[in-house]
Amino acid sequence: QVQLAESGGGLVQPGGSLRLSCEASRFALDYYSIAWFRQAPGKEREGVSCISSSDGKTYYEDSVKGRFTISRNNRKNTVYLQMNSLQPDDTAAYYCATVVACPSNTYLAWGQGTQVAVSS
């Protein structure tokens with residue numbers, strides 16, 4: 001059974017940075033394309049970024065391009081989301097998920113999420 005665990009969220013001031021981690025257990029992460037999505041209260045789920053298993057190609061939602069960076073460390077079985085220049089609109093619960101391919105908003109399995117709050 002695929003298990004994913006997100007961590008690294010927290011409260012940060014506007015302009016600050018956070019690095020989210022997505023650690024996989026019971027499977028090798030490098031066999032899967034991995035996406036990050038977020039959901040704020042009262043809003044629709046929104047895809048943020050994706051990294052392909054086949055070629056490592058990365059994808060970003062327009063509002064985070066140039067600010068967020070997705071990467072993977074297969075040795076640690078972990079995918080990261082480096083988030084810089086955070087803004088209040090980035091406040092949401094963030095989830096990592098397996099997908100068939102990038103880009104995709106069809107999420108196969110995801111973790112419990114990690115909360116990100118951007119506020120002064």
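## Strands, buried residues and aromatic contacts in a predicted model

The charged end of arginine 19 sits over the ring of tyrosine 80, at 4.2 Å from the centre of that ring. One part of the picture is an open sheet of 4 strands, and another is an aromatic cluster formed by Phe37, Tyr95, Tyr107 and Trp110.

**The open sheet of four strands**

- Reading across the open sheet, the 4 strands come in the order E1-E3-E8-E7, and their pairing is antiparallel.
- The edges of this sheet are strand E1, covering residues 3-7, and strand E7, covering residues 68-73, each of which pairs on one side only.
- When direction is ignored, neighbouring strands of this sheet are turned by 15° against each other on average.
- Strands E7 and E8 are joined in the antiparallel sense over 6 bridges, and within this pairing threonine 69 has glutamine 82 in E8 as its bridge partner.

- Strand E11, which spans residues 114-118, has a covered face made up of Thr114, Val116 and Val118, whereas its uncovered face holds Gln115 and Ala117.
- Strand E2 (residues 10-12) runs parallel to E11 and is joined to it by 3 bridges, with leucine 11 having alanine 117 in E11 as its bridge partner.
- Strand E9 also pairs with E11, but in the antiparallel sense and over 3 bridges; here alanine 93 stands opposite glutamine 115 in E11.

**Leucine 86, a buried residue in a loop**

- Leucine 86 is found in the loop that lies between strand E8 (78-83) and strand E9 (92-99).
- Leucine 86 counts as buried because its relative accessible area is 1%, and the cut-off for being buried is under 20%.
- Leaving aside residues up to four places away in sequence, leucine 86 touches a list of residues that includes Val12, Gln13, Pro14, Gly15, Gly16, Ser17 and Leu18, as well as Arg67, Phe68 and Val118.
- The C-alpha atom of leucine 86 is separated by 9.4 Å from that of serine 119, although the two residues are 33 residues apart along the chain.

**Serine 49, a buried residue in a strand**

- Serine 49 has its place in strand E5, which covers residues 46-51, and with a relative accessible area of 5% this serine is buried.
- The side chain of serine 49 reaches the backbone oxygen of tyrosine 59 at a distance of 2.8 Å.
- When residues up to four places away in sequence are not counted, serine 49 touches Ile34, Ala35, Trp36, Tyr59, Tyr60, Ile70 and Leu81.

**Aromatic pairs around phenylalanine 37**

- A search of the whole structure finds 4 aromatic pairs.
- In one of them, phenylalanine 37 and tyrosine 95 are stacked, with 5.0 Å from centre to centre and 15° between the planes.
- Phenylalanine 37 is buried, with a relative accessible area of 1%.
- Phenylalanine 37 also forms an edge-to-face pair with tryptophan 110, where the centres are 6.2 Å apart and the planes make an angle of 85°.
- This pair likewise links distant parts of the chain, with tryptophan 110 placed in strand E10 (residues 109-110), 73 residues from phenylalanine 37.
- Tryptophan 110 is partly exposed, with a relative accessible area of 40%, and arginine 45 lies over the face of tryptophan 110, at 5.1 Å from the ring centre.

**Arginine 38, a buried charged residue**

- Arginine 38 is placed in strand E4, and at 5% relative accessibility this arginine counts as buried.
- The side chain of arginine 38 makes a polar contact of 2.9 Å with the side chain of aspartate 90, and a further polar contact, of 2.8 Å, joins it to the side chain of tyrosine 94.

Key
Residues are numbered from 1 along each chain as its sequence is written. This is a predicted model: local features need pLDDT of at least 70, side-chain atom pairs count only at pLDDT 80 or more; totals for chains, interfaces and linings use all residues. Side-chain values use heavy atoms; hydrogens and water are left out. Helices (H or I, at least four residues) and strands (E, at least two) are DSSP runs, numbered from the N terminus. Buried means under 20% relative accessible area, exposed over 50%, partly exposed in between (1.4 Å probe, protein chains only). Contact means heavy atoms within 4.5 Å. Two strands pair if DSSP finds at least two bridges between them. Axes are lines fitted to C-alpha atoms, for helices over the stretch in contact, and angles run from 0 to 180 degrees between N-to-C directions. A polar contact is a pair of N or O atoms within 3.5 Å; within protein, one must be able to donate a hydrogen and the other to accept it, and residues adjacent in sequence count only if both atoms are side-chain atoms. Rings of Phe, Tyr and Trp (its six-membered ring) pair if their centres lie within 6.5 Å; planes under 30 degrees apart count as stacked, over 60 as edge-to-face and the rest as tilted. A charge sits over a ring if NZ of Lys or CZ of Arg is within 6 Å of the ring centre and within 35 degrees of the ring normal.
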